[in-house]
Amino acid sequence: MRLNSISIQNYRVIKSAIIDFPDAVIGIIGQNGAGKSSIIEAITWALYGNQAARSSKDEIKSTLAHPDENCEVKLCFEASGEHYTIIRRLIGKSARPEVELYRGASSESIGSMETTKYVQKILGLDYRGFFSSFLARQQELNALSDLAPQKRREHLAGMLGIEKLDRAIDVAKGDAREAKARTETLENLLAEKPGLEDELVRLGEHVTTLKLSTLEAMGARDRAKLKLEAITKEYREHEALSAICSRLKGEISTLAASKDELGGRLKLRSDEIKKLELTAVEVKELGLKLEKLTPSPGRLDELRDLKAKDSNRLDLVEQAKGFNQEQKNNSQNLEKVELGLKELAASMQSIPESIDSDLKRANSDLESTRENYVAIRSKIEAGKIEIGKVGSQLESIDQIGTEAVCDRCHRPFGNDIPKIKMHLESELQNLTKSENGLKADLDELKKSGEKAKQIVDQLQVSIKKRFEFETLRNGSEQRKQDLTNHSDKISEKIISIDLKLKEIGDIKFDPEEFKRLQNEVETAKSVKERFDQLSGNLQRLDPARAELSKTEKQMAQVTATLSKNESELTELKFDDLKFSQLAQSLDLAGKEFDSKRDEASQQSNKLELVGKEIELKAERLVKLDEEAKHLDDLRQKRFHTEKLITLFGEYRKHVIASIRPRLSELASELISEMTGGRYSMVELDADYNMSIFDSSGFFKVDRFSGGEKDLANLCLRLAISLALSESAGLTRTFIILDEVFGSQDTDRRDLIFNGLVNLSKRFPQILLISHVDDIKDKVEMLIEVERNNGGWSEVKVSGLQTTQN
């Protein structure tokens, strides 16, 4: 397989890139996380889809792309002499997958899943096999020598695809277990066949016995039914008489109750008539009394009006007294407020009007003093640094010789060292003197600052007092205005009350006369209400007499009907004891019938259940006969499956035994090519421990230098890739090496790189992924991947083609 070119849009962190792959050593360089591996992953995603990506479909399309934009990778490659182009996309917001495949100019697009299978058929590899064949990582190289033997064998088995054979062996073992379990189950089932046949014979005999007992139970049921019908007929005749008797008894009871109720009503109406006749006498007497009570209602109304006016006058007098007292209190409060305003005015005169400008000027002086203080303190700190530097130079000048070189002019000090020392001592004295002067100035400024701060604080206190005085003054003035307004309102109310009192004038009200007239009116009212009430009651006298006559007639009718019903009940001669005995006989006959019917039903159900049991066991016997036919087939399947497992195991041993010599042969060829013949033979033992032939014999790989060991591991890894390609029928033209230089020093990197250059005939295309900048100048073609400020990765190509962004 050979790579021709790739076009990428919105794949992970790569917005856009077009790369051609010539036959060359190609370096893909960038910092960790820049997106180097995304280029290789785009190749595998184009070929195998989402299963070859490191993450889910949602993370393949760049999050920096617009939701409506597509994610697309177009890969052109050659395989088995044919040119192929595969285009894989995620469409729009929904990321709907879409794929196109062309063989030359002919479209081979057959759907996403089918296209992936088609690619596997072309290359002879699934995506795991593709990774093992074409991609080698640093951790894989380390694993080939650093892992324990068992882990190393498992690791190599995974890389060589032997785990597929292991999975086939596991499937065969599962089939064998299933066949064994099924065989044992059938054998256990067939073991019950003789007992099942004996059980069918026993059940047939039991059915005959059940049929006889069922017929006997049905006969007893029918006889009990005839007896029940005869007793029921006689009981129904007596039941009809009982109903008539019960009806007459009910009517007699009802009529007796009606007779008692009518007797009560007759007594009530008689008592009511007597009471109404006495009421008529009382009404006549009340009429005569009303004629004598004739008070004057007009005079009483006049007295009521005079009483209301007198009460109103007294209320107004009390209100006037309250308002006069309130006006007095208000005047006293007003005098207190005016006195407080005079005191506030005197206090505010003690605060000068220029206090605001004085505070501003004091703050300015304080800030100026603070700035000067900070400036001088900075000079003192800078001076301390200079003193430290000069002191350090004086300490070091004694320790250097005349041959020492000046770090500025690069000339030897020679005999100038005493002069230099004297100059430094003089400079140190001047700096110390200057520092002392600055400290004195700093102390003066500190005192000035403290004094300025006191002035500012005093002025701020005065301004605060002025604010408090103004606030109190404004409140007092508002209080004065409120009291004045309130005083005006009280005066208006007092004037209004005086006017109302004048309107009322003098009132002549006689309370005794008012009370006497009021009692007379109340007495006449009470007598009139009693007269009206009793007169209304007298209207019931005539209706009560009519109701009494009607009730007497009803009493006569009820008495006659009651006597008639009692005669009819006597003539029936109904025997309650005989009827009760018939009911008991009917109940016993019913229970006997239910018992016989249930017994017959039980016998019938038993017969039906045994019949069904016979059917089930017969069906079971037929099924066992059918299963017996399959038992031999299952035994054959079990035998062949177990034989297949044995053959698979032997074939696995054969594959492992045969692949190890081939890997040794390929690794030997590779190490010879990469070292220019310095080492020519590699040997692998049963645990895939590697030994290299050097001069007189084979030696373990740990004997060699770190760079040589890395080279040997790389050769073994490449040998595995070549072996996989051979088994897939592919002609290799490229290999991808991911971070194989990451942990190497310069010498070991050079050794590996030079070895790779020697493999150019075997691998015309070698792609090196690395974050090491040292190999930039070594590769024939350079692909640089860098993150820009927008978060995207830019892909820059140089060397054998024009730069692409």
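A residue counts as exposed when its relative accessible area is over 50%, as buried when that area is under 20%, and as partly exposed in between. Keep those cut-offs in mind on this tour of a predicted model.

**Stop 1: the whole protein**

Show the whole chain first. The protein has 15 helices and 15 strands. Its C-alpha trace spans about 165 × 140 × 55 Å along the principal axes. The radius of gyration is 64 Å, while a compact globule of 805 residues would have one near 28 Å.

The accessible surface comes to about 48,300 Å², and 51% of it belongs to carbon and sulfur atoms. Of the 805 residues, 35% are buried.

Next, think about contacts. Take those with a separation of 6 or more: 74% of them come from residues 24 or more positions apart.

**Stop 2: Ser80**

Select Ser80. Find the loop between strand E4 (71-79) and strand E5 (82-91), and Ser80 is there. Is Ser80 buried or exposed? Its relative accessibility is 63%, which is over the 50% cut-off, so Ser80 counts as exposed.

Look at the backbone too. Most residues other than glycine have a negative phi. Ser80 is not a glycine, yet its phi is positive, at about 55°.

**Stop 3: Asn10**

Go to strand E1 and select Asn10. Its phi is near 55°, again a positive value in a residue other than glycine. Is Asn10 buried or exposed? With a relative accessible area of 5%, which is under 20%, Asn10 is buried.

**Stop 4: aromatic pairs**

Move on to the rings. A search of the whole structure finds four aromatic pairs. Select Tyr11 and Trp45, one of these pairs. Their ring centres are 5.5 Å apart and their planes meet at 45°, so the pair is tilted. Tyr11 belongs to strand E1 (residues 2-11) and Trp45 to helix H1 (residues 36-48), so the pair ties together parts that are 34 residues apart in sequence. Check the surface around each residue. Tyr11 is buried, at 0% relative accessible area. Trp45 is buried as well, at 1%.

Then select Phe77 and Tyr84. Are these rings stacked or tilted? They are stacked, with 5.4 Å from centre to centre and 20° between the planes. Both Phe77 and Tyr84 are buried.

**Stop 5: a charge over rings**

Select Arg703, Phe699 and Phe704. Arg703 lies over the face of Phe699, 4.0 Å from the ring centre. The charged end of Arg703 also sits over the ring of Phe704, at 5.2 Å from the centre of that ring.

**Stop 6**

How many salt bridges does the structure hold? There are 38. Begin with Glu261 and Arg265. Their closest N and O atoms are 3.4 Å apart, and the two residues form a salt bridge. Colour by accessibility if your viewer can. Glu261 counts as partly exposed at 41% relative accessibility. Arg265 is partly exposed too, at 30%.

**Stop 6: a salt bridge across the chain**

Arg269 has a relative accessible area of 23%, so it is partly exposed. Glu547 is partly exposed at 30%.

**Stop 7**

Select Lys776 and Glu784. Their side chains meet in a salt bridge of 2.9 Å, N to O. Lys776 counts as partly exposed, with 27% relative accessibility.

How values were computed:
Residues numbered from 1 in each chain as written. Predicted model: local features only at pLDDT ≥ 70, side-chain atom pairs only at ≥ 80, totals over all residues. Heavy atoms only, no water. Salt bridge = Lys/Arg side-chain N within 4 Å of Asp/Glu carboxyl O. Buried < 20%, exposed > 50% of the residue type's maximum accessible area, 1.4 Å probe, protein only. Phe/Tyr/Trp six-rings, centres within 6.5 Å; stacked < 30°, edge-to-face > 60°. Helix = DSSP H or I, 4+ residues; strand = E, 2+ residues; numbered from the N terminus. Lys NZ or Arg CZ within 6 Å of the ring centre and 35° of its normal. Rg over C-alpha atoms; globule rule 2.2 N^0.38 Å. Contact = heavy atoms within 4.5 Å. Areas by Shrake-Rupley, 256 points an atom, 1.4 Å probe, with all protein chains shown as cover.
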